[in-house]
Amino acid sequence: MNDILPAGLTTTVVVPASSANLGPGFDSLGIALSLYDEIEVITTESGLKVVVEGQGAGEVPLDGSHLVVRAIERGLAAGGAAAAGLIVQCRNKIPHSRGLGSSAAAAVAGLGAANGLLAKAGRQVLSDDVLVQLASEFEGHPDNAAASVLGGAVVSWMSSSREDNQAAMSSSREDSWAGMSRSGEDGQPGPGSSGATPVYAATRLDVHPDIRIVAAIPQEQSSTAQTRVLLPETVTHVDARFNISRVALLTVALTARPDLLMTATEDRLHQPQRASAMPASAEVLRYLRNQGVPAVLSGAGPAVLALTTGDLPDSAVKYAEDQGFSLVAMSVSAGVSVR
């Protein structure tokens, strides 16, 4: 039985956007970006009030099905607590359905809010490892979620069982498994049960200070589910070997050798296959790379991310803007902040 938190607890969470894959690192690499959603949560005696400003206002639900609310409840349950009522105020700057990790940010924001409420109530908070696990359960893959939790760039992975992933777990995560083992998101079997929920984990990479980020963001939207169906069930050994080499190289390029970014961001496993679903993004990506800019599809798109050590060529800026893309300069962000 979860303990009911007292009314009047308040917490504020700032969570960064993220970009996943970074070219070859499909479902494994991610990076936190300096574009943020902010939520404020207050515990009350009863009821639920959700207010959304900015991105998603008038489009997302304002009831218990809101992802932030679901994540708050999941995080509190993992900490052995619950709230009788909540006021949830969301101020969103991360565009939805553009490949910038808005859904992962919402999940991480809710879990971060749960941690803030647990801390205000004098209870043990959830470790970063647990936050990665729970947020990834909402997402189904850990790359965006881990970046929003940990900040910087991340290498993430999943295992089929807790034992397979034992080396990646901290002692604080071990302490929190009791609250997670009964069920995962929406009542599905959790990682400590006999169900099939994977164990998710990640480690952070500190990005080289010379690397600059520019996001080219279109007005059109896309969903991961819509573009994931375009991917083949199998790939050739040649293409798999190619991407493995590029992912290994990219970890070096991001941390120590940014001069290798152009080669390191090459991909054969998902970007070419998704091109037909977002021709404008494919053309902007092609143009930037032809101009010598290390550019990738941001997550499942349609945003495009440039990872550079200098300014974009004027011709590349003009081309992207002529295609209806807004160019936003960003930096690598720290992870979720809770106060």
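Is His96 buried or exposed? The close-ups below take up this residue and a few others.

This is a predicted model, with residues numbered from 1 along each chain as its sequence is written. Local features need pLDDT of at least 70, side-chain atom pairs count only at pLDDT 80 or more, totals for chains, interfaces and linings use all residues, and side-chain values use heavy atoms, leaving out hydrogens and water.

**View 1. His96 in its loop.** His96 sits in the loop between β6 (85–92) and α2 (102–120); helices (H or I, at least four residues) and strands (E, at least two) are DSSP runs, numbered from the N terminus. With a relative accessible area of 18%, His96 is buried (under 20%; exposed is over 50%, partly exposed in between, with a 1.4 Å probe and protein chains only). Not counting residues up to four places away in sequence, His96 touches Gln55, Gly56, Val60, Ser102 and Gln221, where contact means heavy atoms within 4.5 Å.

**View 2. Ala105 in helix α2.** Ala105 lies in α2 and is buried, at a relative accessible area of 1%. Leaving aside residues up to four places away in sequence, its contacts are Val15, Pro16, Asp37, Ile94 and Ser148.

**View 3. Helices α10 and α11.** Helix α10 (residues 279–290) packs with helix α11 (residues 314–322) at an angle of about 175 degrees, their axes 10 Å apart. The axes are lines fitted to C-alpha atoms over the stretch in contact, and angles run from 0 to 180 degrees between N-to-C directions. The two helices are therefore roughly antiparallel (over 145 degrees). Glu283, Val284, Arg286, Tyr287 and Leu288 in α10 meet Ser315, Ala316, Tyr319 and Ala320 in α11.

Notes: Parallel < 35°, antiparallel > 145°, perpendicular 65-115°, else oblique.
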